[in-house]
Amino acid sequence: MKVPSTILVLLAARICGVAARGIAPTDSIISNTSMSTAEAIQSATIDGDGKDLTLTPQNNYGGWVNPEDLIPMPQCIAQQDQSAWLSVMTRCTSKRCTSYFAFICTYTQWLTQLSCLSTGFSPDVIRGYLPYCGRSVLAKAQLYRWVRSITGRTWLVDVGDANGLENLSPASLAQGYAPFDATYKAPGCLTGSVSAYSMEPFQRVMASCGFTSTTWHTGNSARPWEYSESLRSMTTLDSETAGYDLAGRSIQTGYYFDKECFCSAYTLNQKPEPCAEPESIDLTKERLWINATCGPTSLPDNWTDALKTTGSVCIPMEDWQWPRCVADIPKQVIERKNQCATDACEVDSSGYCKVKRSVDRACFCRDVSYDSCGGSCQIFETRIDYIKWLHNTCGNVQDWHGLPDNWRQLAAPSLLDLIPWRWTVKAFNDSKNASSPQLEYPEAEETCASNEWKLGSFALVNLSIFVVTFISHKASRRTSTQNRGTRGFLSHAHPSWRWLFDGILIAALQLLANWINTFIVRMSPGYEDVPVLQLMLLWISMPRPTWFAILLIGAQPFDSMNISAAASALLAETLLQSLSTYYMFLTVNYGREHGFYFGGLEQAERGGPAKIMYYGALMWLALRTLVVIRDCRRIMREMGSDDLNSPKPQKGGRTTSSADENREAEVGLLASSSGGRVVYGTFSFTDEDDEALRKSFVKISATTVGSMLLLWVAQWLFWGGFIGLSSEEYCLPNLEVLTAVWTVFSVAGATVGAP
């Protein structure tokens with residue numbers, strides 16, 4: 001089926017850009033004919049069904065045929081001066097009689113002699129057309145097929161010059177092909193230029209390399225030739241395009257050009273280039289188009305230097321992002337985005353330019369630096385985000401030095417960023433400046449104790465508690481042996497409230513020691529602004545081996561256990577651990593907010609000690625939560641048992657219930673001894689209850705010692721990590737005196753709680 005062509009597709013409008021693209025035609029497809037280009041466009045038809053439309057002469061009058069039965073003109077001939085071609089056709093055409101009545105001619109026609117054509121289209125005639133037709137292998141193959149069908153020759157000009165043209169393949173187009181739409185991505189200054197060597201216009205070179213998906217007709221396919229009596233010459237009414245089907249394959253319907261053909265025929269003028277204006281986007285479009293079509297060898301050596309592309313040179317408007325601290329960025333910096341807006345090329349998948357409104361990096365970064373923004377732009381995570389934004393935006397801009405020399409350190413969490421609180425213990429004039437990551441105090445570093453000595457002070461305090469507790473335990477066992485005649489696991493006959501008083505006293509001694517040491521620190525020069533309450537609460541979380549005292553008590557024979565001592569130690573530790581919750585929870589929450597538990601410490605300064613501190617605090621908080629849940633469940637279970645079970649009278653005037661058996665372990669903590677039986681309020685327990693009570697106490701003491709031991713380990717991890725992390729930021733003055741105070745009060749507390 002034939003459809004009218006509105007552009008004379010390949011050879012006129014799509015190639016030469018007639019009117020619709022604003023490019024004046026430089027060559028007429030049909031020249032030296034009785035039809036104008038406009039008339040040819042108006043009457044042109046295209047056969048797009050891919051069928052072989054080669055016409056076989058319907059009538060042969062002794063070697064003479066009708067001109068319309070001849071094969072249409074090849075594409076490359078139609079694009080050149082056709083005078084020599086039409087001259088041969090005209091010489092071989094004359095008016096002949098095709099109908100007789102007797103010996104009288106009744107009908108004459110203009111006929112073309114085939115033998116004349118075979119002789120007329122000699123190699124000499126073809127030689128004049130071959131340089132142009134030989135650019136594209138498809139156009140050359142089309143010409144060869146026309147010559148062979150007319151003359152029967154298997155060559156064009158010289159024997160062997162048509163080798164391989166009968167059996168083309170896609171590989172015959174060595175550099176491939178591209179759709180003609182790609183020419184619309186070239187700037188007008190390039191499409192309007194001429195080749196540097198041949199001075200041939202860009203459009204004509206492109207036309208010579210064009211082809212269609214299949215062989216199409218560009219005119220009247222039913223009457224491709226006609227003899228014009230007025231011109232006394234043959235004229236062409238149709239021509240055929242070179243089709244990709246000549247390569248034995250099919251492609252999507254459309255218009256294409258041979259890259260190798262174009263790149264060998266067109267040479268870019270480099271001095272000056274067609275689009276030489278450096279500030280214009282056209283220079284970038286030109287170079288990208290030539291590079292995508294012909295490769296970098298067709299461009300100057302430094303062709304990438306002046307490109308205005310998105311990515312390294314410009315940032316598309318839709319991809320522009322401000323840092324998180326944009327609220328603190330000055331207005332003049334914000335306005336530079338619009339002041340530096342320009343057109344830039346985004347390179348598409350084919351390597352051509354897609355123009356996008358963008359921000360010129362060099363223009364924007366000219367007066368922007370790290371110091372351009374203060375406030376939140378220089379605080380921890382927003383500081384890190386701000387530095388990364390500056391580096392990503394301006395880092396590749398030539399001669400830009402807007403980042404400080406230590407920007408890599410600033411782009412990671414600093415030492416003070418890793419500490420969950422904003423105060424430090426070190427000598428300086430204004431403690432309010434302690435939150436600044438850039439302040440340094442060499443005087444403090446010179447007098448600060450080593451981290452080993454800081455941890456050693458804790459170890460010394462713990463060791464003293466171990467020693468006093470062990471000695472007290474030995475003394476208690478000797479006393480128990482001497483008084484074995486008096487039975488009772490509260491052999492000292494303390495009042496039932498004594499354990500409560502002792503527990504509070506032990507906790508108070510620890511708080512008093514912390515307050516005295518805080519006072520000593522505050523009295524030291526340069527430490528006047530250290531927060532008292534904050535430091536006291538922090539010191540409360542120091543590791544204390546209370547579990548050791550309970551372990552020793554639990555290891556004694558049941559009849560000589562001092563449950564009162566265990567209860568007082570447990571109460572004191574519970575009070576102090578509860579106060580420790582503040583800083584442990586603060587540490588865990590700070591680590592969660594800043595992603596320290598999810599890889600946020602990998603690039604941080606002193607990330608190793610920081611991990612130990614944060615995971616130690618997490619371990620402590622998890623254990624503490626489990627202990628609280630366990631105790632709450634036990635209390636709720638006991639309360640439920642009291643409600644569901646009413647007391648029952650027993651022998652000897654004693655009343656009990658099934659809930660009493662579950663509560664016997666707690667009973668011992670507040671009980672007092674009296675003769676041969678243990679008394680708790682109005683309840684009394686005889687010897688039969690000892691075994692059940694002993695088992696309950698052993699179970700509870702084991703879980704208590706285990707949980708306290710793990711909490712002690714977690715506190716050591718927390719403090720070991722904190723001291724390794726803070727180092728000179730935790731610089732205690734008079735550490736020997738502080739250690740002595742802690743030791744004295746810790747020993748006093750251990751003595752108070754001794755069995």
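Colleague: Is C314 buried or exposed?
Modeller: C314 is buried, since its relative accessible area is 1% (buried is under 20%, exposed over 50% and partly exposed in between, with a 1.4 Å probe and protein chains only). This is a predicted model, where local features need pLDDT of at least 70 and side-chain atom pairs pLDDT 80 or more, while totals for chains, interfaces and linings use all residues. Residues are numbered from 1 along each chain as its sequence is written, and side-chain values use heavy atoms, without hydrogens and water.

Colleague: How many disulfides are there?
Modeller: The count comes to eleven, taking a disulfide as two cysteine sulfur atoms within 2.5 Å.

Colleague: Which handedness does the C325 and C377 link have?
Modeller: That link is right-handed, with 100° about the S-S bond; C325 and C377 have their sulfur atoms 2.3 Å apart, and both cysteines are buried.

Colleague: And what about C365 and C394?
Modeller: C365 and C394 form a disulfide with sulfur atoms 1.9 Å apart, and this link is left-handed at -80° about the S-S bond.

Colleague: How accessible is C632?
Modeller: C632 counts as partly exposed because its relative accessibility is 38%.
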